Amino acid sequence: MTTPHMILHIGAPKCGSSALQTALSKAPDISNGAGQGFRYVGADGHRSSSLIYGARLRIRRKGSPYGYVSWPNVYNSPDKEQIFSAMHKALRNGQASGHVPIVSSEGWINSPDVFAQYLADWGNPPVDVVAFLRPPIEGLNAAYWQWGVWNTPTLDQWMARSNMPYNFGVALEAWSKIPNVTLHVRRSRPDVV
């Protein structure tokens, strides 16, 4: 088994991403039984090109209204070049220091084409891609209680006006076709952490 040079957590939305990001933000430096080090790396929200590690990441987590640090979504982002430059820096730092960087954004699941391009530019290093899924109706219900309850009286009305298509299968298939990517898909239940 090849040790990945990076782990990308790509979501999916409403599938435990915040819980996972919170746990990793609290304990960003971990190791497995074989002594391999893993380091959760955040991107500075103010400067997408700046990396946040260790104690600084834990401090930033405490100041976050969400209680965690993550990466910006790359879909239609004006900072895409900066985001991927920072991610490539995290990859190189990990190789130089002997740890595997873990980076996370729940919205990345829908951007396999963008990642394929940048990974190819980096020589297609071995990367583990991790996605968690839950049954669609559970996800819609959770999304309504987080976002819809504030402005729509019922779940049925919110679903009628919201366009939340579930195309994760197509996206995950595209991720699986990126050279040197090992895709891991798991259920978000009972506990994504």
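**Reading exposure, salt bridges, strands and core**

Me: What relative accessible area does Asp-29 have, and is Asp-29 buried or partly exposed?

Reply: Asp-29 is partly exposed, with a relative accessible area of 40%. In general, a residue is buried under 20% relative accessible area, exposed over 50%, and partly exposed in between (1.4 Å probe, protein chains only). The model is predicted, so local features need pLDDT of at least 70 and side-chain atom pairs count only at pLDDT 80 or more, whereas totals for chains, interfaces and linings use all residues. Residues are numbered from 1 along each chain as its sequence is written, and side-chain values use heavy atoms, with hydrogens and water left out.

Me: With which residue does the side chain of Asp-29 meet in a salt bridge?

Reply: A salt bridge is a side-chain nitrogen of Lys or Arg within 4 Å of a carboxyl oxygen of Asp or Glu. The partner of Asp-29 is Arg-39, at 2.6 Å from N to O. This pair links distant parts of the chain, 10 residues apart: Asp-29 lies in strand β2 (residues 29-31) and Arg-39 in strand β3 (residues 37-40). Arg-39 is also partly exposed, at 24% relative accessibility.

Me: How many salt bridges does this rule count?

Reply: The count comes to two. Besides the pair already described, the side chains of Lys-177 and Glu-173 meet at 3.4 Å, N to O. Lys-177 is exposed, with a relative accessible area of 60%, whereas Glu-173 is partly exposed at 44%.

Me: How many helices and strands does the protein chain have?

Reply: Helices (H or I, at least four residues) and strands (E, at least two) are DSSP runs, numbered from the N terminus. The protein chain has seven helices and eight strands.

Me: Which strands pair with β7, and in which sense?

Reply: Two strands pair if DSSP finds at least two bridges between them. Strand β1 (residues 6-9) pairs with β7 in the parallel sense over four bridges. In that pairing Ile-7 stands opposite Asp-128, and His-9 stands opposite Val-130. Strand β7 itself (residues 127-133) is mostly covered, six of its seven residues being buried.

Me: Which way do the residues of β1 point?

Reply: In a regular strand the side chains alternate between the two faces of the sheet. In β1, Met-6 and Leu-8 point one way and Ile-7 and His-9 the other, and all are buried. This strand also pairs in the parallel sense with strand β6 (residues 99-104), over three bridges; here Ile-7 stands opposite Ile-102.

Me: Which residues in the largest nonpolar core touch the most other members?

Reply: In soluble globular proteins, nonpolar side chains tend to be buried together. A nonpolar core is a set of buried Ala, Val, Leu, Ile, Met, Phe, Trp, Tyr and Cys residues joined through side-chain atoms within 4.5 Å. The largest one here has 46 residues, and Leu-8, Ile-10, Trp-71, Met-87 and Trp-108 touch the most other members. Helix α3 (residues 80-97) gives the most to this core, with six residues.

Me: Which residues does Trp-108 touch?

Reply: Contact means heavy atoms within 4.5 Å. Not counting residues up to four places away in sequence, Trp-108 touches several residues, among them Leu-8, Ile-10, Trp-71, Met-87, Phe-115 and Trp-175. For the chain overall, buried residues make up 46% of the 193 residues.
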